[in-house]
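Please walk through this structure with me.

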Amino acid sequence: MTQPYDPQNIFAKILRGEIPAHTVYEDEHTLAFMDVMPQGDGHTLVIPKAPSRGLLDADPAVLGRLFATVQKVAAAAKAAFQADGLVIYQYNEPAGGQTVFHLHVHIVPRFEGVPLRRHAGGMANGELLAAHAKKIRAALSG
Ligand code: 5GP
C-alpha cells in the first residue's frame with residue numbers, strides 16, 4: 001500500500017532551501033543537484049518541484065518537464081566528465097529500492113571498465129561534490 005507524500009522528506013527540504021545542496025541546474029519546474037553518496041563521479045539527481053512520491057503518482061505533464069531536464073543535465077554530465085556512457089534510473093517504493101520519497105531520477109556517468117559504487121554507500125567529500133557540480137554547470141552553459 002503506497003503512503004501519502006510526506007513534505008518533510010529530504011528533497012522537499014532541499015527545494016524549500018532548508019538544507020543545502022550542490023545545485024547544477026534549476027528552472028521553474030525542476031532542480032538538479034549532486035547525490036551526496038555518489039555511485040560514480042558526477043552522480044546527479046533531478047527532481048520535479050511539484051510534489052509526488054514516485055513515478056506513479058506524478059502528473060504526466062510533470063514527467064515531461066522532468067525528463068526534458070534529465071536529458072539536458074545528462075548531456076552536460078557526460079560531456080563534463082568525458083564519460084563513455086550514462087546510467088539513468090528511478091526507484092519506486094522501498095521494495096523497488098527507493099529511500100527518499102520525492103520523485104527523483106538518477107544520472108550516473110559511466111566509464112569503460114569502472115564499476116558502479118554501492119547505492120547510497122558512503123558520503124562524498126563536500127569540496128569534491130562542489131567541484132563536480134561546477135564542472136557540470138560549466139558544461140551546461142558552454
Ligand atoms: P533512492 O534510493 O531513493 O532512489 O535514492 C536516494 C538518493 O538520495 C541516494 O542515492 C542518496 O545517496 C541520496 N541522498 C540521500 N540523502 C541526501 C541528501 O541529503 N542530499 C543529497 N544531495 N542526496 C541525498
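The largest pocket has 23 lining residues, and Phe 11, Asp 35, Val 36, Met 37 and Leu 45 lie nearest its centre. A pocket is an open set of points on a 1 Å grid over the protein atoms alone, with protein on both sides within 12 Å along at least five of seven lines; lining residues have an atom within 4 Å of a point. This is a predicted model: local features need pLDDT of at least 70, side-chain atom pairs pLDDT 80 or more, while totals for chains, interfaces and linings use all residues. Residues are numbered from 1 along each chain as its sequence is written, and side-chain values use heavy atoms, without hydrogens or water.

Helix H1 (10-15) and strand E2 (30-34) each supply at least two lining residues. H1 gives the most, with 3. Helices (H or I, at least four residues) and strands (E, at least two) are DSSP runs, numbered from the N terminus.

The structure holds 4 salt bridges, each a side-chain nitrogen of Lys or Arg within 4 Å of a carboxyl oxygen of Asp or Glu. One of them joins Arg 117 to Asp 41, with the closest N and O atoms 3.6 Å apart. Arg 117 sits in the loop between strand E5 (105-110) and helix H3 (126-141), Asp 41 in the loop between E2 and strand E3 (44-48), so the pair ties together parts 76 residues apart in sequence.

Another pairs Glu 93 with Arg 53, at 2.7 Å between the closest N and O atoms. Here the tie spans 40 residues in sequence. Arg 53 is buried, at 8% relative accessibility; Glu 93 is partly exposed, at 21%. Buried means under 20% relative accessible area, exposed over 50%, partly exposed in between (1.4 Å probe, protein chains only).

Key
1 Å grid on protein atoms, 1.4 Å probe; cavity = no way out; pocket = protein on both sides within 12 Å on 5 of 7 lines; lining within 4 Å.
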